[in-house]
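Have the sequence and the 3D view at hand as you read.

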Amino acid sequence: MTDAARSELTEPSVLRVAINMGNMLLVTGQEDDGTPSGTAPEMATRLASKLGVDVRLIPFPFPGEIADAMPSDSWDVALIAIEPKRAEQIAFSNPYVEIEATYIVPEDSPIQTVEEVDQSGIRIAVANRAAYDLYLTRTLQNATLHRAVGLQGAHDLYVSDKLDALAGLKPALKRNIEDVPGSRMLPGRYTSVRQAIGTKPENTSLQAFIEDFVQDSIQSGLVSSLLDKYGVADKLKVAGQ
């Protein structure tokens with residue numbers, strides 16, 4: 001399987017990995033030379049090592065840009081969230097971690113549950129093309145989404161335009177509440193964002209290799225140990241656990 005997987009790489013001795021720099025939970029810093037560090041970059045490095053090739057981390061500011069770059073053969077694998085729209089052109093493994101998504105609302109808002117957010121007239125700030133934006137785009141029936149670039153952009157839009165809710169991942173929203181006194185987080189979740197490893201659909205041998213790697217990384221405790229190593233074990237959940 002390893003030889004077959006390596007044969008599907010564009011550069012036989014290098015695994016080119018797209019890294020979503022916008023996910024501050026899975027990319028928690030950078031080395032002195034600018035190389036991304038965190039759970040996702042180390043998962044990429046471990047995958048390359050198991051394949052027996054070098055790794056080349058290719059940073060992208062946002063996940064939507066990673067998906068856009070796939071047809072141009074800019075990367076071999078990508079560590080981003082599973083989402084049906086993206087799955088039209090990317091073959092995903094099973095997830096290795098999950099992150100719950102909810103909303104924050106003004107303290108005096110009558111909204112008490114995530115289900116109550118989907119009402120006519122409710123305006124929601126959201127990071128454009130984040131996995132949870134794509135989910136809300138599919139599922140909301142009445143509320144309207146107001147998009148901004150990145151998590152910080154959505155936060156700023158929520159504040160400046162006095163919107164009714166800010167959609168996001170729970171760990172990030174907890175930080176947003178600290179910056180916006182008078183806001184509160186709604187209990188529960190509207191979805192769970194599942195982080196995985198994707199590749200080109202035609203790379204069937206590489207897909208199988210990645211799937212085995214992900215499952216082994218979960219079962220061996222590697223994923224859990226990386227979450228501890230990078231200080232995010234209290235914010236992320238190992239998939240299936």
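Which are the buried residues of α7? They are L206, F209, I210, F213, V214, S217 and I218, where buried means under 20% relative accessible area, exposed over 50%, and partly exposed in between (1.4 Å probe, protein chains only). Before going on, please note that this is a predicted model: local features need pLDDT of at least 70, side-chain atom pairs count only at pLDDT 80 or more, and totals for chains, interfaces and linings use all residues. Residues are numbered from 1 along each chain as its sequence is written, and side-chain values use heavy atoms, with hydrogens and water left out.

Seen down the axis of α7, its buried residues fall within an arc of 165 degrees, so they line one face of the helix; the arc is that of the directions from the helix axis to the C-beta atoms. Helices (H or I, at least four residues) and strands (E, at least two) are DSSP runs, numbered from the N terminus.

Now turn to the aromatic rings. A search of the whole structure finds two aromatic pairs, counting rings of Phe, Tyr and Trp (its six-membered ring) whose centres lie within 6.5 Å; planes under 30 degrees apart count as stacked, over 60 as edge-to-face and the rest as tilted. Y103 and Y190 make a tilted pair, 4.6 Å centre to centre with 40 degrees between the planes. This pair links distant parts of the chain, with Y103 in strand β7 (residues 97-106) and Y190 in the loop between β11 (183-185) and β12, 87 residues apart. Y103 is buried at a relative accessible area of 1%, and Y190 is buried at 11%.

Y190 also pairs with Y135, this time stacked, at 6.2 Å centre to centre and 15 degrees between the planes. Y135 lies in helix α4, so this pair ties together parts that are 55 residues apart in sequence. Y135 is partly exposed, with a relative accessible area of 23%. Together, Y103, Y135 and Y190 form one aromatic cluster.

G64 is buried, at 6% relative accessibility. The C-alpha atoms of G64 and R129 are separated by 5.7 Å, although the two are 65 residues apart along the chain.

Finally, look at the spaces. The largest pocket holds about 470 Å³ and is lined by 27 residues, of which G22, N23, M24, Y132 and L151 lie nearest its centre. Here a pocket is an open set of points on a 1 Å grid over the protein atoms alone, with protein on both sides within 12 Å along at least five of seven lines; a cavity is a set where a 1.4 Å probe fits but cannot get out, and lining residues have an atom within 4 Å of a point. The largest cavity is lined by N20, N23, L26, V27, A40, L79 and Q195.

Note on methods
Grid points are joined across faces, edges and corners, and a volume is the space filled by probe spheres set on the points.
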